[in-house]
Amino acid sequence: MRLPIEVVYDSDTHRIKVTGNESMDAEVFLYNANGDLENYSSSLNTEFTVLTPGIYIIQIQGDGWYAEGEIEVE
């Protein structure tokens, strides 16, 4: 399944921005490289501020589906 979701890190503002179709009902979880939950949003379109460098795992969960990816923050 292909979902129109975009995840972008802005190094100037230290923010990870998650965007997708407004009609998609989903939750977003942000984990650090150790698997610890760093942040959470109950809606798909969200931003997380990340001040510590490293690899982060973003998991997006909808009804009956999920998507996961990694992003490196410097």
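Analyst: The accessible surface of the protein comes to about 5,000 Å², and carbon and sulfur atoms hold 42% of it (Shrake-Rupley method, 1.4 Å probe; for residues, only the protein chains shown count as cover). This is a predicted model, in which local features need pLDDT of at least 70, side-chain atom pairs count only at pLDDT 80 or more, and totals for chains, interfaces and linings use all residues. Residues are numbered from 1 along each chain as its sequence is written, and side-chain values use heavy atoms, with hydrogens and water left out.

The protein has seven strands and zero helices (DSSP runs numbered from the N terminus: strands are E, at least two residues; helices are H or I, at least four). Four of the strands form an open antiparallel sheet, in the order S4-S3-S6-S7; two strands pair if DSSP finds at least two bridges between them. Strand S4 (37-41) and strand S7 (65-73) are the edges: each has a single partner strand, so one side of each lacks a neighbour in the sheet. From one strand to the next the twist averages 20 degrees (axes are lines fitted to C-alpha atoms, with angles from 0 to 180 degrees between N-to-C directions).

Within this sheet, strand S3 (residues 26-32) runs antiparallel to strand S6 (residues 54-62), joined by seven bridges. Phe29 stands opposite Gln59 in S6.

Strands S1 (residues 5-10) and S2 (residues 15-20) also pair in the antiparallel sense, over six bridges. They form a hairpin with four residues between them, and His14 in the turn has a positive phi of about 60 degrees. Tyr9 stands opposite Ile16 in S2.
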